[in-house]
Amino acid sequence: MRAALRTTGALLVAVVAVGCAPSPSPSPAGPSADEVIAAATRQLTDSCLRRQGITPPGPGEQPPPAADQQRVTDALFGTGPAQLALTLPTGHVVRAHTDGCLAAAQQQLYGDQAGWFRASVVVNNLQPEADHTHSSLEQVRARHQGDLATWQRLRAHALTEATTLLRNQPTPGGPPR
């Protein structure tokens, strides 16, 4: 059961890190919205881990020793039973915690972690629902207009929060902005 929760948490991290939408190609004008939200999520989760005395794992680094891995996983994804759950039309159940560093980052960026969880899970599963119900993607989108609107509103909020957070971060070796 714990492994399943960790897997779900890891999938949610991957989903959240990319903003729950296909990333447009980086433009010369700057990073995409997905990249901005991912960078802010990483900054918030890393800061949270550091406050707990955990050195955040870096890209390409070896995972921590097994003895430390559970502590990192618990700090990042939360512990105990998942507080958020959504059963999809396909029958799959997606769960997430409201504690842990990822949950705190989502709450700060999206302003409504539970709302973001629900909307993002639904939006990320529109095609599987269409396949399962033998409907067109357009029909499924029409059934979920409210979820799509919530997803867009919360994502726009997250982009604003992430942009502000990243603009106000101190530059290494320099004074705070």
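Me: Buried means under 20% relative accessible area. In this predicted model, which residues of H5 are buried?

Reply: They are Gln113, Gly115, Trp116, Phe117, Ala119, Ser120, Val121, Val122 and Val123.

Me: Why is helix H5 called largely enclosed by the rest of the structure?

Reply: Count its residues. H5 covers residues 113-123, and nine of the eleven are buried, so the helix is largely enclosed.

Me: What makes Gln113 count as buried?

Reply: Its relative accessible area is 4%. The cut-off is under 20%, so Gln113 is buried.

Me: What surrounds Gln113, beyond its neighbours within four places in sequence?

Reply: Gln113 sits in helix H5. It is in contact with Leu84, His97, Thr98, Ala103, Gln106 and Gln107.

Me: Now a charged pair. Why is the pairing of Arg155 and Asp34 called a salt bridge?

Reply: Their side chains come to 2.2 Å, N to O. The rule asks for a distance within 4 Å, so the pair qualifies. In general, side chains of opposite charge can pair when their charged atoms come close.

Me: What does the pair of Arg155 and Asp34 tie together?

Reply: Arg155 lies in helix H8 and Asp34 in helix H2, so the pair ties together parts 121 residues apart in sequence.

Me: Are Arg155 and Asp34 buried or exposed?

Reply: Arg155 has 15% relative accessibility, so it counts as buried. Asp34 is buried as well, with a relative accessible area of 2%.

Me: How many salt bridges does the rule give?

Reply: The count comes to four. Another of them joins Asp147 and Arg118, at 3.3 Å, N to O. Asp147 lies in helix H8 and Arg118 in helix H5, so this pair ties together parts 29 residues apart in sequence.

Me: Why is Arg118 called partly exposed?

Reply: Its relative accessibility is 39%.

Me: Which residues of H4 and H8 meet?

Reply: From H4 come Gln108, Leu109 and Tyr110. From H8 come Leu154, Arg155, His157, Ala158, Glu161, Ala162 and Leu165. By class, this contact has six nonpolar, two polar and two charged residues.

Me: How far is Ala39 from Ala162?

Reply: In sequence, 123 residues; in space, 7.9 Å, C-alpha to C-alpha. Ala39 is in helix H2. At 34% relative accessibility, Ala39 counts as partly exposed.

Note on methods:
Residues are numbered from 1 along each chain as its sequence is written. This is a predicted model: local features need pLDDT of at least 70, side-chain atom pairs count only at pLDDT 80 or more; totals for chains, interfaces and linings use all residues. Side-chain values use heavy atoms; hydrogens and water are left out. Buried means under 20% relative accessible area, exposed over 50%, partly exposed in between (1.4 Å probe, protein chains only). Helices (H or I, at least four residues) and strands (E, at least two) are DSSP runs, numbered from the N terminus. Contact means heavy atoms within 4.5 Å. Ala, Val, Leu, Ile, Met, Phe, Trp, Tyr, Cys and Pro count as nonpolar, Asp, Glu, Lys and Arg as charged, and the others, Gly among them, as polar.
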